[in-house]
Amino acid sequence: MLDALKRRSGMIALEGGKNLPPIIYYHRVAPGADPDTGVTPPAFDRQMGILKSLGFRGVSLREALKSDASSSAGMICITFDDGYQDNYAFAAPVLEKYGFRGTIYCVTGKMGEKTAWADDPRWVGHRLMTGSEARELAARGFEIAAHSRTHPDLSSLTGEELWTEVRGSREELEEVLGETVETFCYPYGFYNDETREAASRAGYRAARSTRRMRPGKTENLFDLPARSISGEMSLARFAVTVSGFRLLEGWRSPLPPVFSDGESSS
Ligand SMILES: [Zn+2]
């Protein structure tokens, strides 16, 4: 029973009966980061230490998609939006220290530039990693994946404009990396049926949103839920959140509930 629990701990239940490990997402990991936009490197280090001590193994979404019921035991997907240079400088070395990896979603038309797509000044002026930094991280086992070309609200685009952002970012990134790009992440978490359909048609295997998990519901590969981790979250809250991924098992699993009244009809 314990093994079965461990195997299924906190899994995202997919349509068709498969499961994926839980997914968390970050933006910046930088000294002095505004708490809304990121965490500091020491805080990130402590969070990864908590995951390690709880028996989790941080992986990319690509690796999780390849896993089966036994190999996904203890996995948690660690993802980063926008592709900040500080992910290269600060987050990646911490992840490696714990034997973890993760997925970094790059805005492929803006690599090496400073962020300028947001109205909120807290999100403006941050350096994005260059193509060669992304290539280096890919060679070190990180998944570098696509987050559109220019970070628009994809739900407001249709036809050729939408296709250029969704498919174009895949082509652009494959050119930079020299390897296949397998997953996508919707800017701002905005999408609709047409956006999802475009992501599927563009050849991605899955797409992540910023939506919270819905315990007990089955999820679609092109609308994967994730939990935001910002600098506002205390270490205790982080520990409770990730521990909760394990406790939620009973709601997601097709197995009988852990706490049963024993009055089975059969
Ligand atoms: Zn973004």
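**Figure 1. The buried residues of helix α2 are F44, Q47, M48 and L51.** A residue counts as buried if 20 or more other C-beta atoms lie within 10 Å of its own, as exposed if 12 or fewer do, and as partly exposed in between, with C-beta atoms placed from the backbone. Seen down the axis of α2, these buried residues fall within an arc of 95°, so they line one face of the helix; the arc is that of the directions from the helix axis to the C-beta atoms. On the other side of α2, P42 and S53 are exposed. The model shown is predicted: local features need pLDDT of at least 70, side-chain atom pairs count only at pLDDT 80 or more, and totals for chains, interfaces and linings use all residues. Residues are numbered from 1 along each chain as its sequence is written.

**Figure 2. Helix α2 comprises residues 41-53.** From its first C-alpha to its last, this helix of 13 residues reaches 18 Å, close to the 18 Å expected at 1.5 Å a residue. The expected span is 1.5 Å times one less than the number of residues. After α2 comes G55, whose phi is positive, near 90°. Helices (H or I, at least four residues) and strands (E, at least two) are DSSP runs, numbered from the N terminus.

**Figure 3. Strand β7 (residues 75-82) is largely enclosed by the rest of the structure.** The reason is that 8 of its 8 residues are buried. Strand β3 (residues 23-26) runs parallel to β7 and is joined to it by 4 bridges; two strands pair if DSSP finds at least two bridges between them. In this pairing, I24 stands opposite I78 of β7.

**Figure 4. Strand β6, helix α3 and strand β7 make a right-handed β-α-β unit.** Helix α3 covers residues 61-66, and β6 covers residues 57-59. The pairing of β6 with β7 is parallel, over 3 bridges, and R57 has M75 in β7 as its bridge partner. A crossover is right-handed if, with the strands pointing away from the viewer, the path from the first strand over the helix to the second runs clockwise.

**Figure 5. Strands β7 and β8 pair in the parallel sense over 4 bridges.** Strand β8 consists of residues 103-106, and its residue I104 stands opposite F80. From β7 the chain crosses through helix α4 (residues 85-97) to β8, and this β-α-β crossover is right-handed.
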